[in-house]
Amino acid sequence: MYRILVVDDAATVRMYHRKLLSDAGWHTEEALNGVEALECVHAQESDEAFDLYVVDVNMPRMDGYSFVRELRRLELRHQAPVVMVSTEAQRQDVDAALDAGANGYLVKPAQPLDLVLSAALLLGDREAARAATQGVRT
Amino acid sequence: MNQADLLDQFVIEARECLEAIGKRLLDVEQDPDNDELLNDLFRSVHTLKGNCGLFEFKPLERVVHAGEDLLDRVRHRTLAYSAALADALLEAMDYSAQLIEQIERHGRIEDGADAGSIAHASALRAFVCDSASASSAEALAALPVVAADPASGEDVTPSWMSRLDLAAFASKSGVLALRYLPEEGCFFKGEDPWRLARTVPGLLQLKVEGACAWPQGDERAAWDCYQCNLDIVLCTDAPRAEVEAHFRCVAEQVAWCDATVNVRTAAPPSDGAVSPLLRKRAAALWNDQCELLARAGHSAGTVRAARRALTNLLSCVEGAAASAASASLAELSEEVSASSLLTWARSNAPAAEAVVVATLSPDARMPDTDIAAVLPRIEDSPPAAPQKVLKVGQEKIDRLMELIGEMVVAKNSLPYLAQRAEEVFQQRELAREIKAQYAVINRIADDLQHAIMQVRMLPVGAVFQRFGRLIRDISRKLGKEVNLVVEGEDTEADKNVIESLADPLIHILRNSLDHGIELPAVRRAAGKAPAGTIRIVARQESDRVIIEIQDDGAGVNAARVRDKAVERGLIHADQAATLSDDDAVQLIFLPGFSTADQISDLSGRGVGMDVVRTAIERINGGVELTSVQGQGTTLRLSLPLSMAVTTVMVVESAGRQLGVPMDLIVETVRVPACDIHHFKQARTTVLRGRVVPLRALNDLLALDAAPIPNDAGELAVLVIRHDNESVGLLVDQFQGASDIILKPLEGVLAGLIGFAGTALMGDGGVLMVLNPKELLQ
Amino acid sequence: MTIRYLKKHAALEGHVAVDDAEALAQWLLQQREPAVHLGKCEDVHGAVLQVLLALRPTFKSSPADPLLARVLGLA
């Protein structure tokens, strides 16, 4: 069972993202900001690291970029793909995400299909990726 | 969790945001250069806007967005904060609160909200257009940029893009497309959207059609040509910032799309079973990993994550090429460097051609889907993250309180049962055991009750919150300067008490602003600082919460109050003359005191202090007023800490059982008939050296019976505190104290004077609980 | 300057302002064969453009402004 950590300071957004992700069949947990997210990561048992991080950029205490930078310094078992979510869509915001070490970038509000498909692909969950694109007019 | 839960959560968080915004706006007014406050304010608005975007709440989003843009400028100091700006923001937030209310009630915003929302958004944007800095090309991120990809033949772009002929610009980069939908009333605002569109810098192409169908046949005669119905799409190669500046005054009416034609990797035609969309997205993400690895200074962690991403992407894409790639990826060393992995990735991309333009674009947006359509109904997945804070619905707490209350009352029947066991069934041992067990249960019930009361306790600050705004608005209207100082807002009291406090407090504040605090000129003439101060101090004293509202205004004019009371026929002239100034001032509490000429344009409904006092007393509180003419007035509210379980003394009178709240009782005493003095209609006795007036409870309740003395000829007197004095109630019997849940009278009985409510007794009977204050009036 | 109402068409000339939109609309609705001459038209207000798009009169002669011409389908 894939495990995803959702990090965002807005409770409504957390609920929304977790709902989309758990409906796709994944286990989700949440954190309010970078500091809590790191605590959450550290709290994972040795056989239970996260497989994906969905991280908001603008958060109090510790923003998304800082969190990802810190995350990338931790042990290898915690190193999983990071999808940054932001309201900004300028080139420099994407650059900042890359510099921090993110693997993907979504613009808020994330369309359900965008989030789920990107997550499925970065998790390597072929079934979920298929299911997500089924019925989409291409 | 389903759509309804998400909506609930939205409403909760939206209200929190609005509350935080309201508070911060006032804070910023006091301290406009405080960056922290400004950023805080911005963040709340930003969060609210973000949440709106999850739902199709366009009117709300529009207003909040305008506020956000405004505040963004303010916090970057390109726009100055002003009282006018604050006003506009406060109004916009009030309007937003209305919309949120609609959402809470109906799950959506009512039709016709567009007009109001456009009005508020425009009012806010007006500040932006007026400011000198608006001419600097500051990007207004009206809507995020979308990457279009016509090359792959997939339509993931907004439908209006198809109206533009982009093939003509295939060789250009940085082509921006936008759709401008001017609002209906724009002509009346003096706007000319055609002119605005025509003069866009770097204009490449411009198309116009009707937003709604043009009128046909008979409709044409009635058609209003001044209601704008234009739908304009255009593309330009000017820098986005420049174009945004051009549209800054109508930013919310413009939608953007990046029309740059990327020569991207075409999805490999290998396997038809895998959707083209999937392949396209996988290819995009692959590019992203390459971009990531191409940047300098990456840690082993990043490389590991990138590798994992690549591995996972390959496992979702089918085909021989992908399998081969997977195999070769697996063969790379554990400690592969970023550059080696990058080289590998570039040559093994799941695509036919090499990437020409590797832009890491935010993922293309899917056609707009409403959340409701996409979120299927599925059972909850239990939240696994350790929660430090729980948000619980009010109804759940109320239910808990009810249950605990019932238990508190139910346990009271145990002593009664023990008694029966002993007396009726001669079971002494059993009786003793029941009593012992009762003691245990009693203690637990007490603890439970305290615990739930703690949960229901709210800081009084919750009520004080709105006062900042109220005082600001009213003082400005009256042309007075007033500072509000609040102390002890963390003092806690029961939720019910707090909720009942709001209205009385507002009346008191209004009076203070209206009649208390003087105009700055008057104050100066009196040697006072031009700005008046209202202090609200809250603190806990044993089992009461004391709230004092103090102003340094003109105080109550005793002479005028005296005269007015006589004028209104509330008191006799000679009686009035005998009152000391301190006592005279209390006359304002008399019903009927507040009058037409006291109505300023605020205390409009002529709410008098009598109403305030009644409201406070209804929740078992008390109000006291002290005033020094010329110096100020202080109102002291004393409130019960909790309202749920009350201890009452049960008494019997004229064959009925009645409850009297314990906190009013001074003592119970039996007075021999000879110690009761009669004087005309009144009876008195002397207790502890003081004369105590006596009233027969039966008389007060209009029960036609005399109080019954006991065998020794003594009358039972329940001495209670009333208006700082003691009064003795003559009853027939005392029956002991009891813990009860006081239920206020409802429905037809609600208007009954003299009763605080009813309570369910341990033996199933209903006890009427008295409100002695009302009775004695 | 602005609109001259002739027998067979309305001639839009120079800069046609917002106030003219209503009159033009009324006039076009009353014609059996509504037609508009744009040869000397330099510029129109958005409301006037709207009238032209909504009521679709016959266009006699194209305006000098290529953008306007294209939007009206004349180029």
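A: **Helix packing in chain B**

Helix 10 of chain B passes helix 12 of chain B in a left-handed crossing. Left-handed means that the near helix is turned anticlockwise from the far one by less than a right angle; clockwise would be right-handed. Helices here are DSSP runs of H or I with at least four residues, strands are runs of E with at least two, and both are numbered from the N terminus.

The model is predicted: local features need pLDDT of at least 70, side-chain atom pairs count only at pLDDT 80 or more, and totals for chains, interfaces and linings use all residues. Residues are numbered from 1 along each chain as its sequence is written, chains are lettered from A and ligands numbered from 1 in the order in which they are written, and side-chain values use heavy atoms, with hydrogens and water left out.

Back to the pair. Helix 10 covers residues 300-316 of chain B, and helix 12 covers residues 338-347 of chain B. Their axes come within 10 Å and cross at roughly 20°. Axes are lines fitted to C-alpha atoms, for helices over the stretch in contact, and angles run from 0 to 180 degrees between N-to-C directions. Helix 10 of chain B and helix 12 of chain B are therefore roughly parallel. The cut-offs are under 35 degrees for roughly parallel, over 145 for roughly antiparallel, 65 to 115 for roughly perpendicular, and oblique for the rest.

Helix 10 of chain B brings Val303(B), Ala306(B), Arg307(B), Leu310(B) and Leu314(B) to the contact. Helix 12 of chain B brings Ala338(B), Leu341(B), Trp344(B) and Ala345(B). Contact means heavy atoms within 4.5 Å. By class, this contact of helix 10 with helix 12 of chain B has eight nonpolar, no polar and one charged residues. Ala, Val, Leu, Ile, Met, Phe, Trp, Tyr, Cys and Pro count as nonpolar; Asp, Glu, Lys and Arg as charged; the others, Gly among them, as polar.

Now a second pair. Helix 3 of chain B (residues 58-75) and helix 4 of chain B have axes that come within 10 Å and cross at roughly 150°. Helix 3 and helix 4 of chain B are therefore roughly antiparallel. Their crossing is left-handed. In helix 3 of chain B, the contact residues include Leu60(B), Val63(B), Val64(B) and Gly67(B). In helix 4 of chain B, they include Ala92(B), Tyr95(B), Ser96(B) and Leu99(B). The contact of helix 3 with helix 4 of chain B divides into 14 nonpolar, two polar and no charged residues.

Ser96(B) sits in helix 4 of chain B, residues 83-106. Ser96(B) is buried, with a relative accessible area of 0%. Buried means under 20% relative accessible area, exposed over 50%, and partly exposed in between (1.4 Å probe, protein chains only). Not counting residues up to four places away in sequence, Ser96(B) touches Leu18(B), Leu60(B), Val63(B) and Val64(B).

Glu68(B) belongs to helix 3 of chain B. Glu68(B) also counts as buried, at 5% relative accessibility. Beyond its neighbours within four places in sequence, Glu68(B) is in contact with Phe42(B), Val45(B), His46(B) and Lys49(B). Glu68(B) and Ser44(B) are 24 residues apart in sequence, and their C-alpha atoms are 9.2 Å apart in space.

Last, the setting. Chain B has 25 helices and 22 strands. Of its 777 residues, 47% are buried.
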